[in-house]
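Please read the following points beside the sequence and the model.

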Amino acid sequence: MKICFVCTANVCRSFLAQELLKDFCVKNNLINVEVISRGILAQPYFTVPQKIKDFLSFSGIVYSAHTPTLLGKEDIESSDIVLAMTASQTDILQDRYPQYGAKIRLFLDYTLDTPADTPDPISQTGRGFDRIAMLVKHATAALGQKIKNGEIK
């Protein structure tokens, strides 16, 4: 199974979800899960904010270098599930890749049955950032549990 998380720049939400799910899979011996993240407007010179690195460390995950990657058709084609962070991103992907519409879903709707956007934490500080990061962590853990339980194949 291959899961692709998508956000705008591929430095906050999608990257955080990627790292959290990879960690969940390692800890739960889910060896047949590949996890990637991409951005609709990602550029390789974008950098992961320190607060994301710090949150990963707080979560027990060692940060390794990450180069933001622009989403391409091959990412959609090769993924079983594509989870976008906002409804507008989902719409963009559905419009660009209508033939893959069944695999493109809204992240919180798919993971927590909550049809809501995952806000971009890039401009948030303190509690605002923590709230969004914890939301991504909770939703990613729910996704991992669905995979572990065999609810997603």
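Notes on the model

1. D113 lies in the loop between α5 (107-112) and α6, where helices (H or I, at least four residues) and strands (E, at least two) are DSSP runs, numbered from the N terminus. This is a predicted model, in which local features need pLDDT of at least 70 and side-chain atom pairs count only at pLDDT 80 or more, while totals for chains, interfaces and linings use all residues. Residues are numbered from 1 along each chain as its sequence is written, and side-chain values use heavy atoms, with hydrogens and water left out.

2. The phi of D113 is near 55°, a positive value in a residue other than glycine. Most residues other than glycine have a negative phi. With a relative accessibility of 63%, D113 counts as exposed; here buried means under 20% relative accessible area, exposed over 50%, and partly exposed in between (1.4 Å probe, protein chains only).

3. N10 also has a positive phi, near 65°, and is a residue other than glycine. N10 is placed in the loop between β1 (2-7) and α1. Is N10 buried or exposed? At 0% relative accessibility, N10 counts as buried.

4. How many disulfides does a search of the whole structure find? The search finds zero, a disulfide being a pair of cysteine sulfur atoms within 2.5 Å. C12 is in no disulfide, and the nearest cysteine sulfur, that of C7, is 7.0 Å away. C25 is likewise in no disulfide, with the nearest cysteine sulfur, that of C4, 14 Å away. Both side chains deserve a look for burial as well: C12 is buried, with a relative accessible area of 3%, and C25 counts as buried at 5% relative accessibility.

5. Two packed helices are described by the angle between their axes and the distance between the axes. Helix α1 (residues 13-27) packs with helix α2 (residues 50-58) at an angle of about 15°, their axes being 11 Å apart; axes are lines fitted to C-alpha atoms, for helices over the stretch in contact, and angles run from 0 to 180 degrees between N-to-C directions. That angle makes α1 roughly parallel to α2 (under 35 degrees counts as roughly parallel, over 145 as roughly antiparallel, 65 to 115 as roughly perpendicular and the rest as oblique). The crossing of α1 and α2 is right-handed, meaning that the near helix is turned clockwise from the far one by less than a right angle.

6. The contact (heavy atoms within 4.5 Å) is made by F15, L16 and E19 of α1 together with I52, F55 and L56 of α2. The residues of this contact of α1 with α2 divide into five nonpolar, no polar and one charged, where Ala, Val, Leu, Ile, Met, Phe, Trp, Tyr, Cys and Pro count as nonpolar, Asp, Glu, Lys and Arg as charged, and the others, Gly among them, as polar. E19, which is placed in helix α1, is buried, with a relative accessible area of 10%. Not counting residues up to four places away in sequence, E19 touches L56 and I61.

7. The axes of α1 and helix α6 (residues 126-148) come within 9 Å and cross at roughly 40°, and the two helices are therefore oblique to each other. α1 passes α6 in a right-handed crossing. Residues making the contact include L16, L20 and F24 of α1 and V136, L143 and I147 of α6. The residues of the contact of α1 with α6 divide into ten nonpolar, three polar and three charged.
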